[in-house]
Amino acid sequence: VRYIRHISKWPLSTSAKKIFPAVIISATYSLVMSYIFRHARIGKYQLTATTKGAAAALGALTAPLALLLTLRANASLGRLNEARILWGRLILRGRNLALVLKGYVMPIDPATAILAARYLSILGWSIKATVRNESASSQREIYEMMLGKEEAAWLHAQTTKPPIAIVHRLRHLIVGVCMMSTNPNFFVPHSSMEHALDDLDATTGGCERLLTSPIPPTYSRHLSRIMCLYLCILPLASVASGMPSLGSMLASAIVSYVLVGVDEIGMEVENPFPLLPLQQMSAGLQSLVGETMTSS
């Protein structure tokens, strides 16, 4: 059933639409080259004889190309998995910090605990806006609704990126409560909160690193060149094997669809943030913090 569903939605595939021009070019090139090398002559020499070594060259390129595609796919999937881990850590540490805020900061200074929880609630939205390059104005309404106009104005006035400013503001609020506390054992929850803030800071930095340090373009360019070379030799090898021109065209279309499709998927997964459900994750963190702070 799954395969039937996937095949039925094939015409709607965004990846297929992206690689369709490359498949058409490859198939057309294969048809033209097959016809030329099968029927054209230079003097008394027929060009078919020049394709005898094409199959060996194609075989020599197959293993390196497969290795490069595999490494590219693994690197891209590794970035996607790292992004998932970072956001999972964000939600886990956010929940832990909300619990400590409710248990230790709320009895000392309820207003500061609520304000810190509000900052914690918008951290996911702020990171989402950063990694997806959303405009600052798109977040203004959320900041003003959650923090109030005064705190939102402070946040917008910061020179650092909003996620970093939010973590710094959380640390400042917690330190202020620590200075107010007369409990000599408050250093234990304070240490726990500082550890959670360090993790939130590391998560923010990890997301920014994934965004600003893609797979080196030299690797992508080299892979593209090897793939083009492979697809250029493929019709010559088809002629050498006795395959008819239309068969060569069909073979080139199928092979180019597979190879270019794998490369295109690797490029899409290279930036994992558009693929992750960040809207739901950010809303989940906000709901989790709200439920923790309002629970009895």
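Helices (H or I, at least four residues) and strands (E, at least two) are DSSP runs, numbered from the N terminus. The model is predicted: local features need pLDDT of at least 70, side-chain atom pairs count only at pLDDT 80 or more, and totals for chains, interfaces and linings use all residues. Residues are numbered from 1 along each chain as its sequence is written, and side-chain values use heavy atoms, with hydrogens and water left out.

**Exercise 1.** Determine which residues of helix α6 are buried, how they are arranged around the axis, and what they pack against.

Step 1. Apply the cut-offs: buried means under 20% relative accessible area, exposed over 50%, and partly exposed in between (1.4 Å probe, protein chains only).

Step 2. Helix α6 spans residues 149-157, and Glu-151, Ala-152 and Leu-155 are buried in it.

Step 3. These three cover an arc of only 100 degrees around the axis (from the directions from the helix axis to the C-beta atoms), which puts them on the same side of α6.

Step 4. An α-helix has 3.6 residues a turn, so residues three or four places apart point the same way.

Step 5. On the face turned away from the buried side, α6 carries the exposed residues Lys-149, Glu-150 and Ala-157.

Step 6. With contact meaning heavy atoms within 4.5 Å, the buried residues of α6 pack against α4 (110-131), α5 (136-147) and α7 (162-180).

**Exercise 2.** Are Asn-133 and Ser-238 buried or exposed?

Step 1. Asn-133 lies in the loop between α4 and α5. Its phi is near 55 degrees, a positive value in a residue other than glycine.

Step 2. Asn-133 has a relative accessible area of 64% and is exposed.

Step 3. Ser-238 lies in helix α9 (residues 217-240); with a relative accessible area of 5%, Ser-238 is buried.

Step 4. Leaving aside neighbours within four places in sequence, Ser-238 is in contact with Arg-38, Met-243 and Ser-248.
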